[in-house]
Amino acid sequence: MKEIIYSMLEQSGTLTTEEMALHILVSVALGGCIYLSYYITHAGTVYSKKFNVSLFTLTVLTATVMTVIGNNIALSLGMVGALSIVRFRTAIKDSRDTTYIFWTIIVGICCGVGDFTVAVMGSSVVFLILLALGRVRNDNRMLLVIRGPRSEEQQIEAVIFQGFGGRASQRVKNTTQTSVELIYEMTRKAYLENQKQEKTITEALYEIEKMEYVNIVTQNDEISG
């Protein structure tokens, strides 16, 4: 019985230097594809060069760990115990970043165990999907923040309705005895169409007497770092 347990805990095979080098080199090549994919799909938005480099190195590190573990149960259990104490607190800027993190880990595991066919085929499919769909952008919402005299509240609301044709939704109304603050939400498309009109919403609002300010704010769901 002891011999069976020892045989299970011992590494069943030892990789040669050439095999280990192949595992690492393939992970570097596929990590480069992940790096390129992230660079293309995030260009001009929330692209983070540091995060992209981390994806590259994570692929190689995962492959290295899997190469070391191999079929050794004792090492695998020890690695699980060591990694269980690690806690990550980095905020994800884009929901797509989660896809890239899983992609790097899966590629690293496949390369570490020498299953290059699965790694290459899977990476090719994911690369094409992200290339085709990864540049999809959310239609950022625009917030129109207005503060003016309370006596002109109805006129302000009428100007907003005329400027956007009912496509601006009132989200907030704050009032005092003398002033009113209104916040409207609209799509970027509706805002840009208004800017093409002969009189923009800003110009129309400032024609109202004693208008204090008109602010335009872009709102999105992404976390900026």
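This passage describes the overall make-up of a predicted model and then helix α7 and strand β1. Local features need pLDDT of at least 70, side-chain atom pairs count only at pLDDT 80 or more, and totals for chains, interfaces and linings use all residues. Residues are numbered from 1 along each chain as its sequence is written, and side-chain values use heavy atoms, without hydrogens and water.

The chain has 9 helices and 4 strands. These are DSSP runs (helices H or I, at least four residues; strands E, at least two), numbered from the N terminus. Their order is α-α-α-α-α-α-β-α-β-β-α-α-β. Of the 225 residues, 32% count as buried. Buried means under 20% relative accessible area, exposed over 50%, and partly exposed in between (1.4 Å probe, protein chains only).

Helix α7 spans residues 153-164. Its 12 residues reach 17 Å from first C-alpha to last, close to the expected 16 Å. That expectation is 1.5 Å times one less than the number of residues. E153, I156, V159, I160, G163 and F164 are the buried residues of α7. Seen down the helix axis, they fall within an arc of 125°, so they line one face of α7. The arc is taken over directions from the axis to the C-beta atoms. The face turned away from this buried side carries exposed Q154, F161 and Q162. G165 follows α7, with a positive phi near 60°.

The buried residues of α7 pack against β1 (141-149), β2 (169-175), β3 (179-187), α8 (188-195) and α9 (201-206). Contact means heavy atoms within 4.5 Å. In β1, 7 of the 9 residues are buried, so this strand is largely enclosed by the rest of the structure. β1 and β3 run antiparallel, joined by 9 bridges. Strands pair if DSSP finds at least two bridges between them. M142 stands opposite M186 in β3.
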